[in-house]
Amino acid sequence: MRPSPDTSLAFFPEFRHLDVEAGTVRFAGAIGGHGPPVLLLHGYPQTHVAWRKVAPALASRHTVVVPDLPGYGASRPLGSALRWTKRRVGDALVALMRSLGHDRFDLVGHDRGARVGYRLALDHPRRVTAFASLTVVPTLDALAGVDHRFAARNFHWFLFAQEADLPERLLAADPDAFLDRALDRMTGGRDIIEAPAREAYRSAFRDPVVRHMICEDYRAALDEDLALDAADRSAGHRLSCPVRVLWPEAEAISGRPSPVEIWRRWADDVDGRGIPGGHLQPEDAPDEVLAQLGPFLGRRERPTA
């Protein structure tokens with residue numbers, strides 16, 4: 001069931017409801033503000049509500065577009081049996097932005113949204129004028145660093161990627177308990193997600209369509225998305241826009257390349273830093289996220305068509 005506009009906009013009181021068909025997706029979410037456009041993409045296991053602490057401040061200087069990713073929340077693909085790889089999601093988001101009158105835009109992605117974001121920027125280099133990645137390095141590099149500690153912390157990567165419909169059946173047993181456990185693990189048990197936002201995430205995750213699409217997202221990551229990354233690395237394809245990288249400073253691992261060093265394998269213009277808080281940066285450390293995004297967004301020269 002698609003949430004009503006009033007439900008969505010309770011988290012974005014100065015915004016308008018987003019309800020647009022583009023790229024064979026009916027997108028839901030919120031849109032607000034005025035100025036250079038910025039597209040905000042959420043991660044797992046959330047919806048566009050994840051940006052409620054960041055989007056209103058950005059809207060004072062930007063037109064802020066905050067959709068649910070296809071299959072997450074209330075955004076629904078229309079009549080397609082093909083898997084929604086990051087490439088297909090990126091293509092649909094370009095269609096969404098163009099339908100709103102934005103041929104070029106800045107992009108900020110957290111978690112799964114950042115994986116969509118860098119694929120979109122690689123596939124559509126003339127569309128993305130700046131890209132910020134929160135908590136993510138590219139899938140090819142992330143999987144190259146997998147060890148037993150990573151697998152234990154991120155077991156859902158490999159559970160969700162199992163062949164359908166085993167994970168879907170397991171998740172159906174108690175969706176609320178699984179979602180709450182995932183959020184508590186990401187927050188370290190700290191109370192950073194208010195009850196209405198948690199209930200919005202629960203409501204979305206109770207929908208079997210959403211749970212299936214989340215599993216398809218992770219299946220694609222270990223299959224088509226990984227192959228696309230490897231092909232781009234082999235061909236020397238790189239991001240042409242400036243890249244800013246943020247990560248939880250407590251998750252830095254001694255002796256391993258920093259996220260900035262990893263992203264420099266993919267782009268020339270990269271900067272960033274670790275910030276306080278945990279994985280859910282837009283909810284856990286919104287002030288720090290805004291401090292890093294403010295000087296970065298909306299100030300880059302737009303490329304020529």
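How much accessible surface does the protein have, and what share of it belongs to carbon and sulfur atoms? The accessible surface comes to about 12800 Å². Carbon and sulfur atoms hold 52% of that. These areas come from the Shrake-Rupley method with a 1.4 Å probe, and for residues only the protein chains shown count as cover.

Some ground rules. This is a predicted model, where local features need pLDDT of at least 70 and side-chain atom pairs count only at pLDDT 80 or more, while totals for chains, interfaces and linings use all residues. Residues are numbered from 1 along each chain as its sequence is written, and side-chain values use heavy atoms, with hydrogens and water left out.

Now the overall picture. The protein has 15 helices and nine strands. Those are DSSP runs, numbered from the N terminus: helices are H or I with at least four residues, strands are E with at least two. The radius of gyration is 18 Å, close to the 19 Å that the globule rule gives for 305 residues, so the protein is as compact as a globular protein of that length. The radius is taken over C-alpha atoms, and the rule is 2.2 Å times the number of residues to the power 0.38. Along the principal axes, the C-alpha atoms fill a box of roughly 50 × 45 × 40 Å.

Next, the inside. Of the 305 residues, 55% are buried. Buried means under 20% relative accessible area, exposed means over 50%, and partly exposed is in between (1.4 Å probe, protein chains only). Take contacts with a separation of 6 or more: 77% of them join residues 24 or more positions apart. A contact means heavy atoms within 4.5 Å.

Charges, briefly. There are 39 positive and 41 negative charges, and their mean positions are 3 Å apart. Lys and Arg count as positive, Asp and Glu as negative; His and the chain ends are not counted. Each charge is placed at NZ of Lys, CZ of Arg, CG of Asp or CD of Glu.

What about cysteines? The structure holds zero disulfides, a disulfide being a pair of cysteine sulfur atoms within 2.5 Å. C215 counts as buried because its relative accessibility is 0%. C241 is buried too, at 5%.

Let's stop at T24. It sits in the loop between β1 (16-22) and β2 (25-33). Is T24 buried or partly exposed? Its relative accessible area is 46%, so T24 is partly exposed. Leaving out residues up to four places away in sequence, T24 touches R76, P77, L78, W84 and R88. L107 is 83 residues from T24 in sequence, and 21 Å away in space, C-alpha to C-alpha.

Last, the backbone. Most residues other than glycine have a negative phi, and most peptide bonds are trans. Here are some exceptions.

Y44 and P45 are joined by a cis peptide bond, with omega about 0°. P45 is in the loop between β3 (37-41) and α2 (55-58). The bond from A164 to D165 is also cis, with omega near 5°. D165 lies in the loop between α7 (155-160) and α8 (166-172).

Now phi. For D111, phi is positive, near 60°. D111 belongs to the loop between β6 (105-110) and α4 (112-123), and is buried at 9% relative accessible area. T135 has a positive phi of about 70°. Its loop runs between β7 (128-134) and α5 (139-144). T135 is buried as well, with 18%.
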